[in-house]
Amino acid sequence: MCIRYYFILLLEIVRKKTRRFRHCLQGYSGDQSSKRIGLKSSNKFSKLVKNSAYFNSVINHGVSEELMADIRVLYNEFFNMPIEDKLSVYSENFGKGCSLYTSGLNKTKEDVRLWKDTLKHECHPLDKHSPSWPEKPARYREEVGKYTVEVRKMGFKILDMIGEGLGLSEGYFVEVIQEQLMAINHYPPCPDPSLAMGIVAHTDPNLITFLQQDQYGLQIQNDRIWMGIDPNPNAFVVNLGHQFKIISNEKLKSAEHRGVLNSTASRTSIVTFFVPDLHDVFRTWPSSTNHFLVMEHRSILIDSKYNLFFANHVKYKIRS
Ligand SMILES: O=C(O)CCC(=O)C(=O)O
Ligand SMILES: [Fe+2]
């Protein structure tokens, strides 16, 4: 579906309505930006996450490598299906439910084109959401269902470890996490990667994100320098979102990241977002924990500006 954008992009360049991204031509230069850690030692994990503005690549996470590989194959099949097979889930109305869309969500306001197709849907509870998932490939619902359950287990294990560092009781996040969403971003090879972006610089607005990837393309910003994240297909990249920054009193940071393109290989990132209801967080946050900022944000968030706050937050910041 992306290919039609090529011509739009060329036209925009001619009309000087867009610019070239030199940084897209940079390659992956080693695993400088993420620390690879196992899930054995919770202390080590919470310390690392606390002291690091970086993403962390998690290994020994408990999700089987076989399942991760199957999911990779499944999504490659999905995105390579004929358009007619994908049309049943195609939608440009980003809301609840399952949708497949090309480029960004707000094309008229974008000042950069995103060279990607994204499939997104909710995951939990499974029996409520899986009937809206794609019917093809035929094993989609069964396999992705298994995956969401495994990722959920891993997610709460990691959250418990981080929670320990914040003084929260075990299982705290199970009580407040309301939504588990998946976004699968497919970036086909781009004839000229300097004309477009995969996904522009942003921090995730949710609590925590778990990302599986197969090719280089994900970068994070550190001290104003963009650095590549190791594309280890068996690791999960754990990325703290803006909600974590709020509820941790800014002890934890959410890193700005983006996805760049390449001209030879396609790339797929399989991303799971955990989203708590912040009302629940504020209601249940233990009084023994220092939560000055939680209190400060409560007034901002628990009112009519709540939606606006997140809408503004996800508004992409374009940097070249
Ligand atoms: O594709 C990637 O590596 C990044 C995706 C991402 O940041 C997102 O979906 O929020
Ligand atoms: Fe993101």
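Before I turn to the structure, one definition: a residue is called buried when its relative accessible area is under 20%, exposed when that area is over 50%, and partly exposed in between, using a 1.4 Å probe and protein chains only. What I am showing is a predicted model, in which local features need a pLDDT of at least 70 and side-chain atom pairs count only at pLDDT 80 or more, while totals for chains, interfaces and linings use all residues. Residues are numbered from 1 along each chain as its sequence is written, chains are lettered from A and ligands numbered from 1 in the order in which they are written, and side-chain values use heavy atoms, with hydrogens and water left out.

Let me start with the metal. The iron ion (ligand 2) is held by NE2 of H202, OD of D204 and NE2 of H257, at 2.1 to 2.2 Å, where donors are N, O and S atoms within 2.8 Å of the metal (3.2 Å for Na, K and Ca), and, water not being among the atoms, sites may look incomplete. Along the chain these donors follow the spacing H-x1-D-x52-H. H202 lies in strand 6 (residues 199-202) and H257 in strand 11 (residues 257-259), so the pair ties together parts that are 55 residues apart in sequence; strands here are DSSP runs of E with at least two residues, helices are runs of H or I with at least four, and both are numbered from the N terminus. H202 is buried, with a relative accessible area of 10%, and H257 is buried as well, at 5%.

Now to the interior. In soluble globular proteins, nonpolar side chains tend to be buried together. The largest nonpolar core has 48 residues, of which Y75, L119, L159, F173, I208, F210 and F244 touch the most other members; such a core is a set of buried Ala, Val, Leu, Ile, Met, Phe, Trp, Tyr and Cys residues joined through side-chain atoms within 4.5 Å. Helix 6 (residues 140-166) gives the most to this core, with 10 residues.

Finally, a word on confidence, expressed as pLDDT, the predictor's confidence in each residue from 0 to 100. The protein averages 78, and 70% of the residues score at least 70. Confidence is highest in helix 3 (residues 65-80), at a mean of 97, and lowest in helix 11 (residues 305-314), at 42.
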